[in-house]
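Please look over the model below before reading on. My notes are brief.

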Amino acid sequence: MVAFSGSGDSKQATNAYKDKSKPAEIRKSNITAAKAVADAIRTSLGPKGMDKMIQSANGEVAITNDGATILKQMNVIHPAAKMLVELSNAQDVEAGDGTTSVVVVAGALLEASEKLLQKGIHPTGISDGFQKAAAKSIEIIKNMATPIQLTDRESLVKSASTALNSKVVSQQSSLLAPLAVDAVLKVVDPAKDTNVDLKDIKVIKKLGGTVEDTKLVDGLVFTQKSSNVNGPRKIEKAKIGLIQFCISPPKTDMDYNVVVSDYTAMDRVLREERAYILNIVKQIKKAGCNVLLIQKSILRDALSELAIHFLDKIKCMVINNIEREDIDYVCKTLNCRPIASLDHFVAENLVSADLVEDVMTGNSHFVQITGINNPGRTVSIIVRGSNKLVLEEAERSLHDALCVIRCLVKQRALLAGGGAPEIEISLKLTELARLVTGVDAYCYRAFAQALEVIPLTLAENAGLNPITTVTELRNRHSQGEVTAGINVRKGAITNILEENVVQPLLVSISAITLASETVRSILKIDDIVNTRGY
């Protein structure tokens, strides 16, 4: 017979009870880490937000206020904080804009959930309540949205300008916004397309000049200069051939060598090489080709010096070393197929264009093909900048503007900006919280208060009094002014649609959905397990 002492049992019971504090500590640690990430980029929200200077390990410097870019470069160690970095990246992929807002909202929701946890509400209850609140929020903003048509160019430009106003290159928004709209409208069919493949819009960075020199090229642009030595630099009424074979002497396999022992044999080899290249060049001339595009070769030189000499003589412009991944884009633009062998190099496989010219900008060259007959739905944008930092930020900003127009192609509706949708959701959810019972009422109220972080931060970053501004904004919305928002230029609450501050509906839907999903994931974590390293 075995006897157990009562004191031992009570000791075990207290130990078991004490262990339950671990999930709470883990949750607190996760929430604190994620909030720290949100606070780090909160100051860069909105048109008056601050920029961050990012220095990489190799000493390279970047200046930006794009949330996704900042977080991507940030050295984040905590696993929960990494979830917010992934959240920003997911928003960048889904909508392309609102990458800072989504992290700031997630941080505010985590702060709200921390208060609910302190009240003793179970994490699963909070998670379910937030899910319902997010679904209601999306219903509310869908009712606020204004439908648009892709033929309404002015609305599209307004939307792109709003996205650009918070960037480093905001002064150039009047140039970059119409450029982004024109680029997207050139590659989509407004009647039937519901998405935009941004690979059809090739953005080429060229150092030199200023951002104002950025231009849209309705045609094809190659970053390299023509390979000719004494050949033509400008060809009108061009006949273009895209080839995937090499114009250089054939080589043996890796395992074999050709040993030439005397001068006569050497002479014969050179004669054979000359005849081989001359035969290819004659075929090119016979087909009537005067612009030759050659794919980059791995095994041997795609173009020999002798070939360049012959091609110069027949006045044929050559663009060499076109990367493999660019071939699809070139084929789509020219509406042609690459020619894989000399037998298929005939006049029918060539493409006509009005002008091909080698253009010099600053200290670099690029080749531009315009006036292509029967072109594909693609377009090129040449971005210019006085230095590397400006150039890279201009490219990032242009990408965001293109993504905003892509959002409008996907979901053709606009919302007022300036914190108007967030305050409207906050008011409606607070009203709804009075009608529901139980845990959901607390969660709706917490969700509503958390969304006020966007107008609060906008006011704070613009140097306004955040409490006074948000109180006035809430008051105006309760009186039925749905489009009232924070006008950071005038430092007052105005009808934000009159200021042309608009954003795509998809950006807001994506931000609320992704932020609430991430917060729910973090709330459901009650332990962090480290794996064994092998």
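Residues are numbered from 1 along each chain as its sequence is written. The model is predicted, so local features need pLDDT of at least 70, side-chain atom pairs count only at pLDDT 80 or more, and totals for chains, interfaces and linings use all residues, while side-chain values use heavy atoms, without hydrogens and water.

1. Lys167 lies in the loop between helix 7 (153-164) and helix 8 (173-187). Helices are DSSP runs (H or I, at least four residues), numbered from the N terminus. Lys167 is buried, at 7% relative accessible area. The cut-offs are under 20% for buried, over 50% for exposed and partly exposed in between (1.4 Å probe, protein chains only).

2. The Lys167 side chain makes a polar contact with that of Asp400, at 2.7 Å. Such a contact is a pair of N or O atoms within 3.5 Å; within protein, one must be able to donate a hydrogen and the other to accept it, and residues adjacent in sequence count only if both atoms are side-chain atoms. Beyond neighbours within four places in sequence, Lys167 has contacts (heavy atoms within 4.5 Å) with Asn65, Asp66, Glu393, Ser397 and Asp400.

3. His399 sits in helix 12 (residues 388-410). His399 is partly exposed because its relative accessibility is 34%. Ile201 is 198 residues from His399 in sequence, yet their C-alpha atoms are 9.9 Å apart.

4. Met266 belongs to helix 9 (residues 263-287). Its relative accessibility is 39%, so Met266 counts as partly exposed.

5. In helix 13, the buried residues include Pro421, Ile423, Leu427 and Ala433.

Conventions
Helices (H or I, at least four residues) and strands (E, at least two) are DSSP runs, numbered from the N terminus.
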